[in-house]
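Q: I am new to this structure and would like to be walked through it. Could we start with the overall picture and then look at the details?

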Amino acid sequence: LAVQESLKKLHVDNVASDGSSDGQNLLRVHLILHWPHCDPNISWMECEEEEERLPQYVKDAGPPPHLNPNAWKDSWRALEEL
């Protein structure tokens with residue numbers, strides 16, 4: 001969801017998966033999973049508090065990732081499919 005929202009804000013809606021465009025300016029976006037999961041042992045991460053502050057549509061997308069240590073794999077797959 002975060003990547004899709006960022007691309008919308010950049011007005012990227014006509015770029016093919018191979019990076020080609022429809023004749024307009026080409027924009028390449030590189031993404032990284034900086035913190036692949038929230039670690040409740042790191043105090044400043046505030047995993048549960050951050051989840052509570054999310055908008056409802058984000059909560060509706062699936063279970064909180066901090067409850068699943070392998071949730072980053074789903075994020076990785078989603079980026080590959082994008």
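This is a predicted model: local features need pLDDT of at least 70, side-chain atom pairs count only at pLDDT 80 or more; totals for chains, interfaces and linings use all residues.

Q: What share of the residues counts as buried?
A: Of the 82 residues, 11% count as buried. Buried means under 20% relative accessible area, exposed means over 50%, and partly exposed lies in between (1.4 Å probe, protein chains only).

Q: How much space lies in the largest pocket?
A: About 1400 Å³. A pocket here is an open set of points on a 1 Å grid over the protein atoms alone, where a 1.4 Å probe fits, with protein on both sides within 12 Å along at least five of seven lines; lining residues have an atom within 4 Å of a point. The volume is the space filled by probe spheres set on the points, which are joined across faces, edges and corners.

Q: Which residues are closest to its centre?
A: Leu1, Ala2, Val58, Pro65 and Ser75 are the closest of the 36 lining residues.

Q: And which helices supply the lining?
A: At least two residues each come from α1 (2-9), α2 (47-53), α3 (56-59) and α4 (71-81). The largest share, six residues, is from α4.

Q: What is the lining like by class?
A: It has 23 nonpolar, eight polar and five charged residues. Ala, Val, Leu, Ile, Met, Phe, Trp, Tyr, Cys and Pro count as nonpolar, Asp, Glu, Lys and Arg as charged, and the others, Gly among them, as polar.

Q: Changing topic: how many salt bridges are there?
A: The count comes to two, a salt bridge being a side-chain nitrogen of Lys or Arg within 4 Å of a carboxyl oxygen of Asp or Glu. Side chains of opposite charge can pair when their charged atoms come close.

Q: Where does Asp74 form its salt bridge?
A: Asp74 pairs with Arg77, their closest N and O atoms being 3.1 Å apart. Both lie in helix α4, three residues apart, about one turn of the helix. Asp74 is partly exposed at 48% relative accessible area, and Arg77 is partly exposed at 45%.

Q: Which side chain does Arg53 meet?
A: Arg53 meets Glu46 in a salt bridge, at 4.0 Å from N to O. Arg53 counts as exposed because its relative accessibility is 57%, while Glu46 counts as partly exposed because its value is 37%.

Q: What is the phi of Glu46?
A: Glu46, in the loop between α1 and α2, has a positive phi of about 45 degrees although it is not a glycine. Most residues other than glycine have a negative phi.

Q: One last item: where is Asn70, and how far is it from His37?
A: Asn70 is in the loop between α3 and α4. Asn70 and His37 are 33 residues apart in sequence and 7.9 Å apart in space, C-alpha to C-alpha.

Terms used: Residues are numbered from 1 along each chain as its sequence is written. Side-chain values use heavy atoms; hydrogens and water are left out. Helices (H or I, at least four residues) and strands (E, at least two) are DSSP runs, numbered from the N terminus.
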